[in-house]
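Please keep the sequence and the 3D view at hand while reading.

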Amino acid sequence: MNNDLTQFFDLPAGLLRQAEECEQLIRPVFERIDSIAAYNEAKVLAAFGRHKISAAHLTGSNGYGYDDLGRDTLDKVFADVMGTEDALVRHTFVSGTHALTVALFGVLRAGDRMVAVTGAPYDTLEEVIGLRGEGNGSLKDFGVSYDQVDLLPDGTPDYEGIKKAVKGAKLAHIQRSRGYATRPSLTVETIGKIVAAIKEVSPETIVFVDNCYGEFVEYQEPSAVGADLLVGSLIKNAGGGIAETGGYIAGRHDLVELCGYRLTSPGIGREAGCSLNQNRPMYLGLFYAPSVTASAIKTSVFASALFEKLGYNVSPRYDEPRTDLILQLVLGSREKMCAFCTGIQHGSPIDSHVTPVPWAMPGYNDEVIMAAGAFTLGSSIELSADGPMREPYAVWMQGGLTWNTGKIGVLLAAAECLKEGN
Ligand SMILES: *Cc1c(COP(=O)(O)O)cnc(C)c1O
């Protein structure tokens, strides 16, 4: 009974009734999410078995980390799960941006050209590519040039533009998730069409996918439709809320090998790099990842349905096909953004007693508000929300380690918004 929640949380009865209606509405969507999770959990379990994972793999190494059985086998398990020839999974990737950077510098050389074929890449890549000035060691500083093909006004890929731009390019960059932009996210099926367009005119071009927020949201990963390299973060989907830090690069063996040389040094590559005590959380996190990802998507679908019912503009809508965890909610005012983030914060397991306030974050033009009460700092597979204080006053919400607690966070956010007048 939904009303039981009021034993623990201050939630208006009218809101709980609406929430229950939403839960009825989204039942078929949840069935699909469960089906995808079941498939991906089986995929992970089978990969563990195939590689005979045992207690020995869960212990770590120190120093140079030569012959680290757990680390080397995790690469193989991960490659199996991602459907790639090879993978490089390391806690020494400090973030998704770092893994993306290692992959780009790993395969690009002076005189090469990369083309972003799905519009502007994630913000943090601008410095990496060299779009914000020179002299910081960007790809541009090293003689790698950059082109961009924007999505069409309706958010679909510009296949003709892509075919023109990628001829002779060393690498084509695709971003699966919308990130914190207003463009739609790209399904694996759409990524497959982009890959086909690229390979038709330029088979040698490396197709590189920023897979952040996308892992385990669909039955297949972009490798299944011909992508050559996939890159992501372990404090999002692929770490299952358990990996304490890290990232991965998965794809063609020769390319992953080059990334290893960039991560450590030429000649040493992947053979060194101790795992300390991080093998166990990375294995356990991968094991949980499909089910935790499903919880985060359920939280997102519920929030989408509820806020639409409450009269807000949401994207994606609850019944749109999902390929990532991100939900954009247009709340329309500064006060509502503060209210929303306050509710999310109060529904978090950590720092629930704190009230978030907007602040002038370095590197941003507008004040930003963030709600994040996570076990792992900055983890966005955990329930979190943020947005810049400007028109249209939208927040981006993602995560939720368990559906039942994610739902409470969303309900508290809605209750706070209602207090602001709705
Ligand atoms: C999160 C994310 C990244 C990397 O962000 P980090 O904070 O560096 O982990 C890159 N691309 C997309 C689309 C993302 O969502």
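**Backbone, cores and ligand shell**

Asp351 is placed in the loop between α11 and β10. In this predicted model, the phi angle of Asp351 is near 55°, a positive value in a residue other than glycine, and with a relative accessibility of 40% the residue counts as partly exposed, because that class lies between the limits of 20% and 50%. Leu276, in the loop between α9 (253-263) and α10, likewise has a positive phi, of about 50°, although it is not a glycine, and at 45% relative accessibility Leu276 counts as partly exposed.

Two cis peptide bonds can be located in loops as well. The bond from Ser315 to Pro316 is cis, with omega near 0°, and Pro316 is found in the loop between β8 (313-315) and β9; the bond from Glu391 to Pro392 is cis with omega near 5°, and Pro392 belongs to the loop between β11 (384-388) and β12.

The interior comes next. In soluble globular proteins, nonpolar side chains tend to be buried together. Here the largest nonpolar core has 56 residues, and those with the most contacts inside it include Phe302, Leu306, Phe340 and Leu411. Among the elements that give two or more residues to this core are α1 (13-25), α2 (27-50), α11 (334-346) and α12 (403-419), while α10 gives the most, with ten residues. Leaving aside neighbours within four places in sequence, Leu411 is in contact with Leu5, Leu11, Leu15, Leu16, Ala19, Phe302 and Leu306. Apart from this core lies another, of 39 residues, among them Ile174, Val207, Phe216 and Ala250.

Not counting residues up to four places away in sequence, Glu416 touches Ala339, Thr342, Gly343 and His346.

The ligand, finally, is surrounded by Ser95, Gly96, Thr97, Leu100, Tyr122, Gln175, Asp210, Cys212, Tyr213 and Lys236. By class, this shell has four nonpolar, four polar and two charged residues, and its largest share, three residues, comes from helix α5 (residues 96-107). The protein covers 87% of the 380 Å² of accessible area that the ligand has on its own.

Methods. Residues numbered from 1 in each chain as written. Predicted model: local features only at pLDDT ≥ 70, side-chain atom pairs only at ≥ 80, totals over all residues. Heavy atoms only, no water. Near = heavy atom within 4 Å. Areas by Shrake-Rupley, 256 points an atom, 1.4 Å probe, with all protein chains shown as cover. Helix = DSSP H or I, 4+ residues; strand = E, 2+ residues; numbered from the N terminus. Nonpolar A, V, L, I, M, F, W, Y, C, P; charged D, E, K, R; others polar. Core = buried A, V, L, I, M, F, W, Y, C linked by side-chain atoms within 4.5 Å. Buried < 20%, exposed > 50% of the residue type's maximum accessible area, 1.4 Å probe, protein only. Contact = heavy atoms within 4.5 Å.
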